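Good morning, and thank you for making time for this item. I would ask you to look at the model on the screen while I go through its aromatic contacts, its pockets and a few individual residues.

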Amino acid sequence: MIFRSAYLKLTAIYVLIVMVISITFSVVLYRISSSELNRGLGRQGEVLRNLPPPEFFPQSRVAIENTRIAQLEESNNHLRTNLIYFNILIFFVSGTLSYFLARRTLKPIEEMVDIQNRFTADASHELRTPLTAMKTEIEVSLRDKKLNISDAKKLLGSNLEEIGKLETLSNELLTLAKYQDIESLPFEKVNLKAVVEESLGKVEALARNKGIKFDSALSKVETKANKQSLVELVTILLENAIKYSPKNSKIAIATETRDKHAYIGVQDWGIGIKEADLPFIFNRFYRADISRSKEVMEGYGLGLSIAKKIVEKHHGKIEVESKPDQGSTFTVVLPIAS
Ligand code: ADP
């Protein structure tokens, strides 16, 4: 609705500009043409006046003069009418073209606003869920006259868990906003082996809790990159691999150089992703159907969109191959340092 009126306003502005140009052009054209005709008439009058007076029909000179004046008037009227028709035509043609042009101009802005609105709605929804859970628990506890210390501690524990979720969500939202706002990241020479080793350190405890072992094949690969964002990227992929893998399983991670590109691969043998979900997993807040898994998988569907943003900032690409119940392989391809 907002955009409908914006289309119309922009159309009106375009039409106004075209009409001002067209009318100015027509007025100038009319002035020049009619003064040319006047000059022609003046010259003809001069010639007629210098002719010897006719012996018969002396009134014929006056008649010729009048006819010429009438013709001049007629030509001027013709010119004026044609210019008016021309301007009416220009008005309709420019109106139609301007509307399409306005739509084309505003379309990307409309799409951006749509994405922003959807994002705000999704974020609000995700924020509301833990808040509602906390509010309900507190209200129920306050109504309970027999609430004892142990119940109160349980309530605080549960609230703390919800606060933890809110903290995770706001951190992920802030990270995403950071990568969206920033034009380019400061780059330095980075060894991908060191990046992966730092990320492995960050997820060590998580993997240990699930009895997951890493199978690493790390070659020294140098690339121009922002080290901290790459650590963040690999950590996201490793955390997902751990989250969506069964207990006591294995995760393979490798870095290598191939065809003048740097590769980071993370492979798991977890629940995998259905083909229908694959095109969407990098979208913000998208979570594939995980009802196949018995565990409740915590998450907000923001990790992979952050990963994608980081890869884009490095002019690289991220690809995924996955089969349900067989596992997933995420591959990051980056340009190599020259
Ligand atoms: P989430 O917080 O839900 O993990 P992500 O953006 O990191 O959000 O991932 C989006 C979705 O992609 C996940 O909800 C999950 O369904 C799917 N996914 C990502 N990584 C894996 C993986 N290694 N194995 C299976 N599914 C995955």
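**Rings, pockets and selected residues**

Let me begin with a single side chain: Tyr286 is partly exposed, with a relative accessible area of 27%. On this scale, buried stands for under 20% relative accessible area, exposed for over 50%, and partly exposed for what lies in between, with a 1.4 Å probe and protein chains only. The model is a predicted one, in which local features need pLDDT of at least 70 and side-chain atom pairs count only at pLDDT 80 or more, while totals for chains, interfaces and linings use all residues. Residue numbers start from 1 along each chain as its sequence is written, and side-chain values rest on heavy atoms, with hydrogens and water left out.

I turn to the aromatic rings. A pair of such rings is described by the distance of the centres and the angle of the planes. Rings of Phe, Tyr and Trp (its six-membered ring) pair if their centres lie within 6.5 Å; planes under 30 degrees apart are called stacked, those over 60 edge-to-face, and the rest tilted. The count by this rule is six aromatic pairs. One of them is the edge-to-face pair of Tyr7 and Tyr99, with 6.1 Å centre to centre and 75 degrees between the planes. This pair links distant parts of the chain, since Tyr7 belongs to helix H1 (residues 2-50) and Tyr99 to helix H2 (residues 59-143), 92 residues apart. Helices (H or I, at least four residues) and strands (E, at least two) are DSSP runs, numbered from the N terminus. How accessible are the two partners? Tyr7 is buried at a relative accessible area of 4%, whereas Tyr99 counts as partly exposed at 24%. Phe280 and Tyr286 form a tilted pair, with 5.5 Å between the centres and 40 degrees between the planes. Phe280 is partly exposed, at 37% relative accessible area. Finally, Tyr7, Tyr99 and Phe100 make up one aromatic cluster.

Two rings also carry a charge over the face. The criterion is that NZ of Lys or CZ of Arg lies within 6 Å of the ring centre and within 35 degrees of the ring normal. Lys250 lies over the face of Trp269, 4.9 Å from the ring centre. The charged end of Arg258 is placed over the ring of Tyr263, 4.0 Å from its centre.

Next, the pockets. On a 1 Å grid over the protein atoms alone, a cavity is a set of points where a 1.4 Å probe fits but cannot get out; a pocket is an open set with protein on both sides within 12 Å along at least five of seven lines, and lining residues have an atom within 4 Å of a point. Grid points are joined across faces, edges and corners, and a volume is the space filled by probe spheres set on the points.

The largest pocket has a volume of about 1,200 Å³. Its lining has 45 residues, with Glu239, Asn240, Lys243, Tyr244 and Glu298 nearest its centre. Two or more lining residues come from each of helix H3 (149-181), helix H4 (192-209), helix H5 (227-243), helix H6 (303-313) and strand E7 (327-335). Which element gives the most to this lining? H5 does, with 11 residues. By class, the lining has 20 nonpolar, 13 polar and 12 charged residues, where Ala, Val, Leu, Ile, Met, Phe, Trp, Tyr, Cys and Pro are nonpolar, Asp, Glu, Lys and Arg charged, and the others, Gly among them, polar. At least three lining residues come from each of domain 1 (1-181) and domain 2 (188-335), with bounds from an automatic or database domain assignment.

The second largest pocket has a volume of about 290 Å³. It is lined by 14 residues, of which Ile115, Phe282, Asn283, Arg284 and Ser305 are closest to its centre. H2, H3 and H6 each give two or more residues to this lining. Five of the lining residues are nonpolar, three polar and six charged.

Lys260, not a glycine, has a positive phi of about 60 degrees; its place is in the loop between strand E4 (250-258) and strand E5 (261-268), and it is exposed at 70% relative accessibility. Asp325 likewise has a positive phi, near 65 degrees, lies in the loop between strand E6 (317-323) and E7, and is exposed at 61%.
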